[in-house]
Amino acid sequence: MERNKLFLHSMLKKISFFKVAFLCASLVGTSFSLELRPFVQWLNPGDVTVSRELKGVNYDVDLSTDYILEGGVELLFTGEYNPMRYGVGMGYRTALENDDQETAPATIPIWGTFTFGRIDVDAIASPYMGLRGGTLIPLTTDGNWWEKPLNWLAGVGVGAILPYGIGVEVYGEYSSMLKSFEEDDLQIRVNSPRFGFILSYGISLIHDRMYKARE
């Protein structure tokens, strides 16, 4: 009986793996353009909630923090017959500070991107809506930020692609970072809602249609 359970579990894992592999291959196989889009991002000053859990007792503190700057790049794929783009991104984000005191360290964000909106290179503006979700890797030698690095970000933006591949976007995000002191049974989580702007520039790497009308 136990052997049958192990066999069934193994088969389910293999099936899940093949489903993910098939989905990834389908997405890449049906794409006909590949774009590299460097960007700079400004996120507004705002209040963050610092949640402390000490020996099972919780209490929150609100802090006013400065603006955040980020620079990075997204790699985007586009399907031939649909208005969707999808890809991945990575960047560098400055530390979260309160009156020159560091509330959370600088990070390397890594995320997945999904946008909806057809891009017309001949239009004055091609509007789109974008979704992002990922993780934040802390850049610090303080090991307490690395004990349980359950850090994440989720955001939504509305923007437009302008002539010459320039992109402008209004962006809202919620991020969360954890600092853990296991020896003291203490956890500190910094929750940060933000709004800001993104300015980007598209560099076309591949643009090849799979099906040509004349053929």
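**View 1. Asp99 sits in the loop between strands S6 (96-98) and S7 (101-104).** The model is predicted: local features need pLDDT of at least 70, side-chain atom pairs count only at pLDDT 80 or more, and totals for chains, interfaces and linings use all residues. Residues are numbered from 1 along each chain as its sequence is written, and side-chain values use heavy atoms, with hydrogens and water left out. Strands (E, at least two residues) and helices (H or I, at least four) are DSSP runs, numbered from the N terminus. Is Asp99 buried or exposed? Asp99 is exposed, with a relative accessible area of 64%. The cut-offs are these: buried is under 20% relative accessible area, exposed is over 50%, and partly exposed lies in between (1.4 Å probe, protein chains only). Now find Leu63. Asp99 and Leu63 are 36 residues apart in sequence. In space, their C-alpha atoms are 9.9 Å apart.

**View 2. The whole chain has one helix and 13 strands.** Follow the sequence and the pattern reads α-β-β-β-β-β-β-β-β-β-β-β-β-β. The protein chain has 215 residues, and 36% of them count as buried. Look next at contacts, meaning heavy atoms within 4.5 Å. Take the contacts between residues at least 6 apart in sequence: 63% of these join residues at least 24 apart. The chain exposes about 13300 Å², and carbon and sulfur atoms supply 65% of this area. Accessible areas come from the Shrake-Rupley method with a 1.4 Å probe; for residues, only the protein chains shown count as cover.

**View 3. A salt bridge joins the side chains of Glu35 and Arg85.** A salt bridge is a side-chain nitrogen of Lys or Arg within 4 Å of a carboxyl oxygen of Asp or Glu. A search of the whole structure finds seven of them. In the Glu35 and Arg85 pair, N and O are 3.3 Å apart. Glu35 lies in strand S1 (residues 31-43) and Arg85 in strand S5 (residues 84-93), so the pair links distant parts of the chain, 50 residues apart. Glu35 is buried, with a relative accessible area of 17%. Arg85 also counts as buried, at 5%. Which residues are linked in a network of salt bridges? They are Glu35, Arg37 and Arg85.

**View 4. Arg93 forms a salt bridge with Glu70.** The closest N and O atoms are 2.7 Å apart. Arg93 lies in strand S5, while Glu70 lies in strand S4 (residues 68-79). The two residues are 23 apart, and the pair links distant parts of the chain. Arg93 counts as buried, at 6% relative accessibility. Glu70 is buried too, with a relative accessible area of 6%.

**View 5. Glu74 and Arg132 meet in a salt bridge.** The N to O distance is 2.9 Å. Glu74 lies in strand S4 and Arg132 in strand S9, so the pair ties together parts that are 58 residues apart in sequence. Both Glu74 and Arg132 are buried.

**View 6. Asn144 lies in the loop between strands S9 (126-138) and S10 (152-161).** Is Asn144 buried or exposed? Asn144 counts as buried, at 16% relative accessibility. Leave aside its neighbours within four places in sequence. Asn144 is then in contact with Leu178, Lys179, Ser180, Phe181 and Glu183.

View 7. Patches are made of residues with over 30% relative accessible area and no salt bridge: like charges are joined within 9 Å, and nonpolar side chains (Val, Leu, Ile, Met, Phe, Trp, Tyr) within 5 Å. Glu183 sits in the loop between strand S11 (166-181) and strand S12 (186-201). Glu183 is exposed, with a relative accessible area of 57%.

**View 8. A nonpolar patch on the surface includes Leu205.** The patch is formed by Val40, Leu162, Tyr164, Ile166, Val168, Leu199, Tyr201, Ile203, Leu205 and Ile206. Together they have about 920 Å² of accessible area. The elements that give two or more residues are S11, S12 and strand S13 (203-207). Which element gives the most to the nonpolar patch? S13 does, with three residues. Leu205 lies in strand S13. Leu205 is partly exposed, with a relative accessible area of 45%.
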